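This briefing summarises the computed geometry of a single protein chain for use in computational work. Please consult the sequence and the model shown below before reading the points that follow.

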Amino acid sequence: MNKSIVIKIGGSTFGKGETVIDDIVELQKEGRNPVVFHGGGNEVTSWLKLMGIETQMVDGQRVTSKESLRVVVAVLAGLVNKEIVAQIQAKGGRAVGLSGIDGQMLEA
């Protein structure tokens, strides 16, 4: 079968009792190739506050300054991404954590 399936994990719900990690591992066992995209806005906001950087929102969207971008990348590509990878692996799945900047996969 080996069909890819895209899964989006919302940062506000991750770790709150959902079964998404189990579901990802089960899809792998069925021969599917899940590709996971994740959020993490709440975690970013917490770290920005910890670093003393004000979060600016416009129409419900974060305005990312150069100063805050460093924290955003560290939190999303580092902390959140690696936590998801570790949880998938702990359940017997296979996972590699990448950021869109890795290998110039995404350009914006």
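The protein chain carries 12 positive and 12 negative side chains, and the centres of these two sets are 3 Å apart. In this count Lys and Arg are positive and Asp and Glu negative, with His and the chain ends not counted; each charge is placed at NZ of Lys, CZ of Arg, CG of Asp or CD of Glu. The model is a predicted one, in which local features need pLDDT of at least 70 and side-chain atom pairs count only at pLDDT 80 or more, while totals for chains, interfaces and linings use all residues. Residues are numbered from 1 along each chain as its sequence is written, and side-chain values use heavy atoms, with hydrogens and water left out.

**Overall architecture**

- The secondary structure of the protein chain consists of three helices and four strands, where helices (H or I, at least four residues) and strands (E, at least two) are DSSP runs numbered from the N terminus.
- Along the sequence, these elements follow the pattern β-α-β-α-β-β-α.
- Taken along the principal axes, the C-alpha atoms fill a box of roughly 45 × 35 × 25 Å.
- The accessible surface of the protein chain is about 7,700 Å², and 54% of this surface belongs to carbon and sulfur atoms; accessible areas come from the Shrake-Rupley method with a 1.4 Å probe, and for residues only the protein chains shown count as cover.
- Of the 108 residues, 25% count as buried, a class defined by under 20% relative accessible area, with exposed meaning over 50% and partly exposed in between (1.4 Å probe, protein chains only).
- Among contacts (heavy atoms within 4.5 Å) with a separation of 6 or more, 60% join residues 24 or more positions apart.

**Nonpolar core**

- In soluble globular proteins, nonpolar side chains tend to be buried together.
- A nonpolar core is here a set of buried Ala, Val, Leu, Ile, Met, Phe, Trp, Tyr and Cys residues joined through side-chain atoms within 4.5 Å.
- The largest such core has 18 residues, of which Ile7, Ile9, Val20, Ile24, Ile84 and Ile88 touch the most other members.
- Two or more residues each come from strand 1 (4-9), helix 1 (20-29), helix 2 (41-50) and helix 3 (66-90).
- Helix 3 makes the greatest contribution to this core, with seven residues.
- Not counting residues up to four places away in sequence, isoleucine 24 touches Ile7, Ile9, Pro34, Val36 and Ile88.

**Helix 1 and its surroundings**

- The buried residues of helix 1 are Val20, Ile21, Ile24, Val25, Leu27 and Gln28.
- These buried residues line one face of the helix, because they fall within an arc of 155° when seen down its axis; the arc is that of the directions from the helix axis to the C-beta atoms.
- The buried residues of helix 1 pack against strand 1, strand 2 (33-38) and helix 3.
- Glutamine 28, located in helix 1, is buried at 11% relative accessibility.
- Apart from neighbours within four places in sequence, glutamine 28 is in contact with Pro34, Gly93 and Arg94.

- Serine 68 belongs to helix 3 and is buried, with a relative accessible area of 3%.
- Leaving aside neighbours within four places in sequence, serine 68 is in contact with Leu48, Ile53 and Val63.
- Serine 65 sits in the loop between strand 4 and helix 3 and is partly exposed, with a relative accessible area of 34%.
- From C-alpha to C-alpha, serine 65 and valine 36 are 26 Å apart in space, and they are 29 residues apart in sequence.
- Serine 4, in strand 1, counts as exposed at 52% relative accessibility.
- Serine 4 and glutamate 26 are 22 residues apart in sequence, with 13 Å between their C-alpha atoms.

**Positive phi outside glycine**

- Aspartate 59 has a positive phi of about 50° although it is not a glycine.
- Aspartate 59 is in the loop between strand 3 (56-58) and strand 4 (61-63), and counts as exposed at 77% relative accessibility.
- Glutamine 104, also not a glycine, has a positive phi near 55°.
- Glutamine 104 lies in the segment after helix 3 and is exposed, at 72% relative accessibility.
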